[in-house]
Amino acid sequence: MRLSKTELILLGVAVLLAAGGVIAPQWLVFLLTMALAKAMVVQGVVMQMRAGLVTFGQGLFFCIGGYAVGMSGHFLNITDLVLLLLIGVGAAVLLAMLLGLLMTRYREIFFAMLSLAFSMILYGVLVKSSALGSTDGFNVKAWTLFGWTPASGQAPLALFIIIVACSGLLAVLLHRYSRSSAGMMCEAIRENEVRVEYLGQSPRWVLYMNYVAAAAVSALGGGFMALSAGHIDPEMAYWITSGEFVFIALLGGTAHVAAPFIAAVLFAVVRTYAIEWMPHSWQMILGFTLLAIIVFLPKGLWSLFTAQARRAKA
Amino acid sequence: MTCILETQGLCKEFGAVTAAKDVNVRIHKGEVVGVIGSNGAGKTTFINMVTGYLKPSRGEILFNGQSIIGRTPRAITRAGMARSFQVAQLFAQLSVLDNLLIAVSAAQSPFPSLLAPMRNASRIEQADAILAEFDISRWRDTPVTAVPQGVRKLIDIAMALIGDPQMLLLDEPTSGVSAEEKTALMDTVMRVVAQHQVTVLFVEHDMDVVRRYVSRILAFYSGEVLADGAPEAVLSNPRVQEFVTGGPNAHKRAAQ
């Protein structure tokens with residue numbers, strides 16, 4: 001597999017980030033782990049935004065990934081991290097393959113509201129499920145990796161290195177996807193669906209593949225979130241959680257695969273400090289941040305880099 | 001001559017409005033057929049039914065002897081019948097080359113690749129070749145929003161032609177193009193379609209354009225085919241002159 005310059009940079013940043021984790025304080029390692037897990041879900045939102053669809057329900061697959069990991073440990077005694085994550089992704093893919101049959105019939109606000117409806121149905125089911133801890137959720141068992149059990153102090157750093165490695169690989173794959181025929185076809189559908197149909201391509205099939213792939217990526221984020229936080233609850237499927245993913249997607253923009261990662265880290269930092277400074281009205285700071293981004297950088301943070309690149313080219 | 005497209009008793013009703021009434025047409029391979037008619041005559045309804053955008057209320061459509069009733073537009077495109085649009089249907093945020101690459105990619109497979117790059121040497125070569133055929137290579141890397149209307153029309157037709165269709169339906173290829181550019185645009189289009197040996201059916205309002213390029217005319221009025229035949233015979237038909245072209249000396253009166 002030959003890597004492009006962009007892909008080498010993405011992997012290089014991942015290596016640097018993983019190395020930085022070794023010397024970083026534990027609170028920062030945890031914050032970055034959570035941010036990267038959320039960034040994976042945001043990648044799913046961005047994949048659909050590139051096809052012209054806004055989802056207010058990506059929390060559905062985030063939650064499925066998290067609960068599949070938690071339940072596999074709790075009920076099946078599975079602790080291997082790779083297996084747990086695969087189960088989470090597999091569960092989301094199966095659900096997305098079913099829901100996608102309906103979802104890909106809808107566009108614009110109807111798609112957005114239907115995605116929200118499905119995530120809220122899951123939220124409602126989980127809240128009423130006492131076996132799964134109802135509104136409190138339940139704790140996730142400690143993970144192992146191919147038989148190796150990290151010591152309690154090592155687990156956060158080890159998980160951080162694993163999620164950074166996964167993020168690097170995911171970034172390369174999504175970068176390739178965005179430039180592939182399927183990725184470009186998503187952009188074409190956003191621009192002119194009728195034309196795509198008259199070129200002999202099925203927009204529904206392309207959107208279906210994209211929907212399932214986005215669900216898989218988001219479920220991976222949910223799985224990592226469950227393993228990192230060690231706890232899952234129905235809030236993962238709540239509409240505010242899904243709204244947060246849209247918020248981060250808008251913050252970063254859709255122009256590059258790195259944008260959701262940068263935006264998720266920035267969001268985590270802003271939120272952490274906002275809560276520290278204004279514990280009762282931190283949401284206001286986030287609101288003003290988004291307002292500033294929409295007014296001054298309507299194409300998201302990544303437009304800062306593209307503007308810089310344009311200036312350098314000129 | 002072999003019949004490529006045949007409609008039998010084609011009807012389309014929108015509630016109480018009849019947009020197509022018992023349309024019986026046979027188009028033969030290699031023909032260049034002009035479709036004329038005033039606004040609301042049923043020309044676009046006919047094109048939309050034939051290309052699968054609208055389902056006929058009654059009747060049959062045969063393409064190469066096979067019924068295409070109920071097939072999707074993409075299935076009909078894949079069967080070999082492509083179309084262009086009255087308003088060029090392009091991907092506005094993309095460059096001219098990317099528009100054509102998407103068309104090439106779509107023509108190659110109904111299942112687009114998830115990881116292989118869309119921009120590869122063979123696709124770029126194919127896109128460059130069609131740009132050269134239409135003599136619009138200089139616009140290759142320009143966003144389509146920045147190219148002139150006439151060039152947009154050519155890109156629209158190039159995208160339809162890229163899948164090597166047997167038949168091409170052009171919906172008002174010169175609409176929105178200045179009178180001075182019309183002839184040059186149609187000369188280019190007809191030169192390229194002749195090279196590709198495509199059967200052409202095109203809707204047009206400009207009778208000078210129709211006379212210049214077609215071997216046969218279908219005149220529509222109120223959802224029906226009013227006349228069908230050689231250009232001079234159809235255009236001198238008193239009913240066509242009364243209901244479609246606006247009288248025997250309409251073009252002379254317009255010129256005055």
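**Two chains, step by step**

Analyst: Let's begin with a pair of packed helices in chain A. From α4(A), the residues A:Leu81, A:Leu84, A:Leu85, A:Gly88, A:Val89, A:Ala91, A:Ala92, A:Val93, A:Ala96, A:Met97, A:Gly100 and A:Met103 take part. They meet A:Tyr208, A:Tyr211, A:Val212, A:Ala215, A:Ala216, A:Ser218, A:Ala219, A:Leu220, A:Gly222, A:Gly223 and A:Leu227 of α9(A). Keep in mind that this is a predicted model.

User: What classes of residue make up the contact of α4(A) with α9(A)?

Analyst: There are 18 nonpolar and five polar residues, and no charged ones.

User: At what angle do α4(A) and α9(A) pack?

Analyst: About 145°, with the axes 8 Å apart. Helix α4 covers residues 81–103 of chain A, and helix α9 covers residues 203–229. The crossing is right-handed.

User: What else is in chain A? How many helices and strands?

Analyst: Chain A has 13 helices and two strands. Its C-alpha trace spans about 55 × 50 × 45 Å along the principal axes. A compact globule of 314 residues would have a radius of gyration near 20 Å, and chain A has 19 Å, so the two agree.

User: Now chain B. What are the counts there?

Analyst: Chain B has ten helices and ten strands. Along its principal axes, the C-alpha trace spans about 60 × 45 × 35 Å.

User: How many residues are in contact between chains A and B?

Analyst: 22 residues of chain A are in contact with 26 residues of chain B.

User: Which helix gives the most on the chain A side?

Analyst: α7(A), with seven residues. Helices α6 (155–179), α7 (181–191) and α8 (193–198) of chain A each supply at least two residues to the side that touches chain B. By class, that side of chain A has ten nonpolar, six polar and six charged residues.

User: Let's go to the strands of chain B. What order do they take in the open sheet?

Analyst: Six strands of chain B line up as β6-β7-β8-β3-β9-β10, with mixed pairing.

User: Why do β6 and β10 of chain B each have one side without a neighbour in the sheet?

Analyst: β6 (81–84) and β10 (224–229) of chain B stand at the edges, each with a single partner strand, so one side of each has no neighbour in the sheet. From one strand to the next, the twist averages 15°.

User: How do β6(B) and β7(B) pair?

Analyst: They pair in the parallel sense, over four bridges. β7 runs over residues 167–171 of chain B. B:Arg83 stands opposite B:Leu169 in β7(B).

User: Which helix packs on that sheet?

Analyst: Helix α1 (residues 43–50) of chain B does. It touches β3 (32–36), β6, β7, β8 (199–203) and β9 (216–221) of chain B. The direction of α1 makes about 145° with that of β7(B).

User: What about β4(B)? Which strands does it join?

Analyst: One is β1 (residues 3–14) of chain B, joined to β4 (residues 58–63) by five bridges and running antiparallel. There, B:Cys11 has B:Arg58 in β4(B) as its bridge partner. Strand β4(B) also joins β5 (residues 66–67) of chain B, with two bridges, again antiparallel. The bridge partner of B:Leu62 in β5(B) is B:Ser67.

User: What do β4(B) and β5(B) form?

Analyst: A hairpin, with two residues between the strands. In the turn, B:Asn64 has a positive phi of about 55°.

User: Back to helices. How do α5(B) and α6(B) lie?

Analyst: Their axes come within 11 Å and cross at roughly 15°. An angle under 35 degrees counts as roughly parallel, and therefore α5(B) and α6(B) are roughly parallel to each other. The crossing is right-handed.

User: Which residues of α5(B) and α6(B) meet?

Analyst: B:Gly150, B:Lys153, B:Leu154, B:Ile157 and B:Leu161 in α5(B) meet B:Glu181, B:Leu185, B:Thr188, B:Val189, B:Val192 and B:His196 in α6(B). That contact has six nonpolar, three polar and two charged residues.

User: One last pair. At what angle do α3(B) and α4(B) pack?

Analyst: About 115°, with axes 9 Å apart. Helix α3(B) passes α4(B) in a right-handed crossing. Among the residues that meet there are B:Leu97 and B:Val104 in α3(B), and B:Ala127 and B:Ile130 in α4(B). By class, the contact has seven nonpolar, two polar and one charged residues.

Technical notes
Residues are numbered from 1 along each chain as its sequence is written. Chains are lettered from A and ligands numbered from 1 in the order in which they are written. This is a predicted model: local features need pLDDT of at least 70, side-chain atom pairs count only at pLDDT 80 or more; totals for chains, interfaces and linings use all residues. Two residues are in contact if their C-beta atoms, placed from the backbone, lie within 7 Å. Ala, Val, Leu, Ile, Met, Phe, Trp, Tyr, Cys and Pro count as nonpolar, Asp, Glu, Lys and Arg as charged, and the others, Gly among them, as polar. Two strands pair if DSSP finds at least two bridges between them. Axes are lines fitted to C-alpha atoms, for helices over the stretch in contact, and angles run from 0 to 180 degrees between N-to-C directions. A crossing is left-handed if the near helix is turned anticlockwise from the far one by less than a right angle, and right-handed if clockwise. Angles under 35 degrees count as roughly parallel, over 145 as roughly antiparallel, 65 to 115 as roughly perpendicular and the rest as oblique. The radius of gyration is taken over C-alpha atoms; the globule rule is 2.2 Å times the number of residues to the power 0.38.
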